[in-house]
Structures are given as C-alpha cells and as structure tokens.
Amino acid sequence: MSTLFEPYTLRALTIPNRVWMAPMCQYSAAPDGPEAGVPHDWHFAHYAARATGGTGLIVVEATAVSPEGRISPYDLGIWNDTQAEAFRRITRFLAAQGTVPAIQLAHAGRKAATDRPWKGGAPLGPHDRAWQPVAPSAVPFSERHQVPDELSTEQIREIVGDFRAAARRALAAGFEVAEIHGAHGYLINEFLSPHSNHRTDAYGGSYENRTRFAFEVVDAVREEWPDDKPLFFRVSATDWLDADGWTPDDTVRLAAGLHARGIDLLDVSTGGNSPGVRIPTGPGYQVPFAARVRQETPMPVAAVGLITDAGQAEKILANGEADAVLLGRELLRNPSWARQAARELDARVRVPDQYHLSV
C-alpha cells in the first residue's frame, strides 16, 4: 500500500491522497477596475487541470486580503464579494473531481507593488499602478525596493480585520481549507524575523512580540473558520542568514504555539525575507525542516521543495518526515503527476470517467 495515496484526515475533512499542489502565483488577474483580483478562465483551467490529474488538495495561489496586500497589480484578491463569488466556479469544479479546494490568504507587506516575474519583477513606479508598501519597519527588502511605511498599531489591527474578512469570504466561496501565508518575506514573515522587524513596541524586539501579529491573525481567522474545517499556516523555517534572522529553532517554537491556537498543519518552506542569501538547493532540500517540526512538536507538516518523482515523495512520507507533500513546479510541468505516480507505485487514484481509456 502506498502511503502517498492513503487518505488523510484533519478535523472532519478527509483528503483523498497526500499529493497536494503548492500555491503558485499566476499574476493573471485584471489589475484594476471592477474585475481587479477576480479569477477568470485562466485560473479555472489552471486549477481544473490539476484536479482532473488526481491531485488530492489544491492550494490556490497567494490571494490578497486587501488591494495593498498584493505582490503585483495582477494578483488574485478576496477583499470583496465579487471576487469571492467568482471563486465558486473553481471550488465547485475541484470538489466535483474529488479534490479539496484550499486558498492561501496573504499580504505582501514590503514586497508589494512589483511587476510580473516575466517582466523582471521590479518594483513599480507611480506611473505603473504602484502603491505604497507597508511593513513592520521602514526597511526596504532590497536597494531597488521602495522604503515601506511603518505600520501603526491601528493599521495592524485593520490588517488583522482584513484577514478575518477574507476568511469569511473564502468560506462563502466554497473553500474547505484556508492557509495563512507566513512565509517568503511577506508581511507576517516580516514581523516574525528580527532581520526585517526593528520595532520597539509590543510588535517588535522579543520573540513574544515579533510573533504577536501572526498569532493575532491566526486567532482572527480561526474564529471565522468552522471548527470542522482545517486551517494551515505556511512558514519559512529559516531566513538562511548567519545572524539576526529567523531560525529553525524559532520555527519549532512557533509550530507548538500555532498548534495550541488551532492551526492543523504547518506548510514548511524556507527563505524569501532577504535577497542574495546562499541556499543549498537540491532534491528535497527543505524536507529536513519539516521533519524536525514533525518530530519535536505535535504539529502535522507538509514538505515542499524540489520534490519531483513518485519514489522520492513516497520515501518522505514512509520515513515519517512529513504527512503530505506539496508539489509546485513539477505540477506546472505535469498536471497529471498524481495519476502517473499512482501507476508507478501500483496505487489507486481517482480518474475522471472521460479519461478511463488512458489509465
């Protein structure tokens, strides 16, 4: 029996297998007007293909809780009811294929207002639909980025409210899982790390203060998210800095605190909060960070990062290093990766009736 294709239950939700799709921005929404942030045909086709390919759970890309929380003007959003209603077409189709629809709720913080990656990803100017980024401290991500405005405590409370409202809309849109984006140098990660958080008030300095915003967001979202539905949190387990950064020890400590507050699974990634760091990439290079959280805390984990073949994914789960794997670029290359992996592992995965001749 393949562990990769065993069902997995969190709260009252059973996910049909452990092959999950990581959130990957498509930068394909309208940038302004009434259709700003609204998913359209590209998003439907993109996610539908992975669902028909047998993926057990799909995490829709970083979806902004406010217009200012977008990475680029072309990001998806869930700050209004028009966006939420448009998502229902996607969630209905995914559910009809037996795939669990999930959404990542996000705020880009100081890394907001940039161009699309295939146009260079540079920070935008005032003539390019840019807006003023915000952050825990007035420290830019890099020399070429804008200096962000330091958030006031009142503004912090407003953003917590934005996450709360986004969770409410995500539920109405038909999502079964919500994930809070606390990784990759975006706003929550910026508060967590002393590299980007230089505050001297209740939201900066000590570990307890730097985690305060993350816990407030989690509490607000958990209050809106039904008790029978799981809530995930994505973390960068390390900033990959030699000093003055977020560390794996911090991540283990955070995981225990998040579990106590009702987070059901930690989605473990790394990096993104400091440019120019050296990251020793290779197959499964982030898996040890997930494994450590799983071994040292009661928190279930999903592993991500250059997981590309069925045997590798099966071994990660069979060795107890993670409870599920999240595939990113490999699912972009092969939407039917799950079906292919099931054949290789002599396992079963749901296949649409229309495709039965190809099995």
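1. The lining of the largest cavity divides into six nonpolar residues, four polar and one charged. Here Ala, Val, Leu, Ile, Met, Phe, Trp, Tyr, Cys and Pro count as nonpolar, Asp, Glu, Lys and Arg as charged, and the others, Gly among them, as polar. The lining residues are A62, T63, A64, G69, I71, D75, A106, H107, A108, H181 and Y186. Strand β4 gives the largest share of this lining, three residues.

2. This is a predicted model, in which local features need pLDDT of at least 70 and side-chain atom pairs count only at pLDDT 80 or more, while totals for chains, interfaces and linings use all residues. Residues are numbered from 1 along each chain as its sequence is written, and side-chain values use heavy atoms, with hydrogens and water left out.

3. The structure holds one cavity of 30 Å³ or more, and about 50 Å³ of space lies in the largest cavity. On a 1 Å grid over the protein atoms alone, a cavity is a set of points where a 1.4 Å probe fits but cannot get out; a pocket is an open set with protein on both sides within 12 Å along at least five of seven lines, and lining residues have an atom within 4 Å of a point. Grid points are joined across faces, edges and corners, and a volume is the space filled by probe spheres set on the points.

4. The largest pocket has a volume of about 1000 Å³. Its lining comprises 41 residues, and P23, M24, H184, Y186 and R234 lie nearest the centre. By class, the lining of this pocket has 18 nonpolar, 16 polar and seven charged residues. β12 (324-327) and α10 (329-333) each supply at least two lining residues, with α10 giving the most, four. Helices (H or I, at least four residues) and strands (E, at least two) are DSSP runs, numbered from the N terminus.

5. Eight strands close into a barrel with parallel pairing, in the order β3-β4-β5-β8-β9-β10-β11-β12. Neighbouring strands of this sheet are turned by 25 degrees against each other on average, direction ignored. Helix α1 (residues 41-52) packs on the sheet and touches β3 (19-21) and β4 (57-64); the directions of α1 and β4 make an angle of about 155 degrees. Axes are lines fitted to C-alpha atoms, for helices over the stretch in contact, and angles run from 0 to 180 degrees between N-to-C directions. Contact means heavy atoms within 4.5 Å.

6. L105 stands opposite I180 in β8.

7. The structure holds nine aromatic pairs. One of them, W20 with F232, is stacked, at 5.8 Å centre to centre and 15 degrees between the planes. W20 lies in strand β3 and F232 in strand β9 (residues 231-236), so the pair ties together parts that are 212 residues apart in sequence. Rings of Phe, Tyr and Trp (its six-membered ring) pair if their centres lie within 6.5 Å; planes under 30 degrees apart count as stacked, over 60 as edge-to-face and the rest as tilted.

8. V349 is placed in the segment after α11 (337-344). Not counting residues up to four places away in sequence, V349 touches F5, N17, G54, A338, R339 and A342.

Technical notes: Two strands pair if DSSP finds at least two bridges between them.
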